[in-house]
Amino acid sequence: VTIVEFFDPACGTCSQFYPFVNDLVKKYPGKVKVMMRYAPLHEGSGDVVKMLEAAHMQGQFWPAVELLFGNQNRWVEHHVSNPQHALARLKTLELDHAKLEADYQSAKVAKIIEQDIKDGQTLQIRATPEFFVNGKPLISFGYEQLEKLVDEAVAEAYK
């Protein structure tokens, strides 16, 4: 079962939902995975998602996401991202920092982000987080609704 989440790292609700999504993965070990897709809807988030993708290229996506979500108040103010403050946070991770800076400004990373944005536009993503479970959209937003959609997908997939 695949949960696809369109997210913005500056989104407070995304940050709050992150532990709940992890709990759903833990509830069904080996049966549920999460695919994070970028939807940089907050001002300044375009560069921050590029930084996350650059961290991903070094195998540090999840630690980078956790770090940014856990420290949102240090790099997001009034729903506006400060990419330099986010980068300063990411520099506390064990990464090749020169590579991180080069990669986040690369055409390869830009293309990945562009594709997520294009897919989000096709799916009419207007707010984050937005969830799909095995391709089914979460119609009514909430943790219980997401859990129910995941429970149904697991029951269907593992009859």
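## Basis

The model is predicted: local features need pLDDT of at least 70, side-chain atom pairs count only at pLDDT 80 or more, and totals for chains, interfaces and linings use all residues. Residues are numbered from 1 along each chain as its sequence is written, and side-chain values use heavy atoms, leaving out hydrogens and water.

## Helices α3 and α4

Helix α3 covers residues 61–70 and helix α4 covers residues 83–90. (Helices are DSSP runs of H or I, at least four residues, numbered from the N terminus.) Their axes come within 10 Å and cross at roughly 125°. That angle makes α3 oblique to α4. (Under 35 degrees is roughly parallel, over 145 roughly antiparallel, 65 to 115 roughly perpendicular, and the rest oblique.) Axes are lines fitted to C-alpha atoms, for helices over the stretch in contact, and angles run from 0 to 180 degrees between N-to-C directions.

In α3, A64, L67 and L68 meet A86, R89 and L90 of α4, where contact means heavy atoms within 4.5 Å. By class, this contact has five nonpolar, no polar and one charged residues.

## Aromatic rings

There are 13 aromatic pairs in the structure; ring centres must lie within 6.5 Å, and planes under 30 degrees apart count as stacked, over 60 as edge-to-face and the rest as tilted. Y18 and F69 form an edge-to-face pair, 5.5 Å centre to centre with 65° between the planes. The pair links distant parts of the chain, with Y18 in helix α1 (residues 12–27) and F69 in helix α3, 51 residues apart.

Y18 counts as buried at 10% relative accessibility, and F69 is buried at 8%. (Buried means under 20% relative accessible area, exposed over 50%, partly exposed in between, with a 1.4 Å probe and protein chains only.) Ring pairs join F7, Y18, Y38, F61, W62 and F69 into a cluster.

Notes
Helices (H or I, at least four residues) and strands (E, at least two) are DSSP runs, numbered from the N terminus. Ala, Val, Leu, Ile, Met, Phe, Trp, Tyr, Cys and Pro count as nonpolar, Asp, Glu, Lys and Arg as charged, and the others, Gly among them, as polar. Rings of Phe, Tyr and Trp (its six-membered ring) pair if their centres lie within 6.5 Å; planes under 30 degrees apart count as stacked, over 60 as edge-to-face and the rest as tilted.
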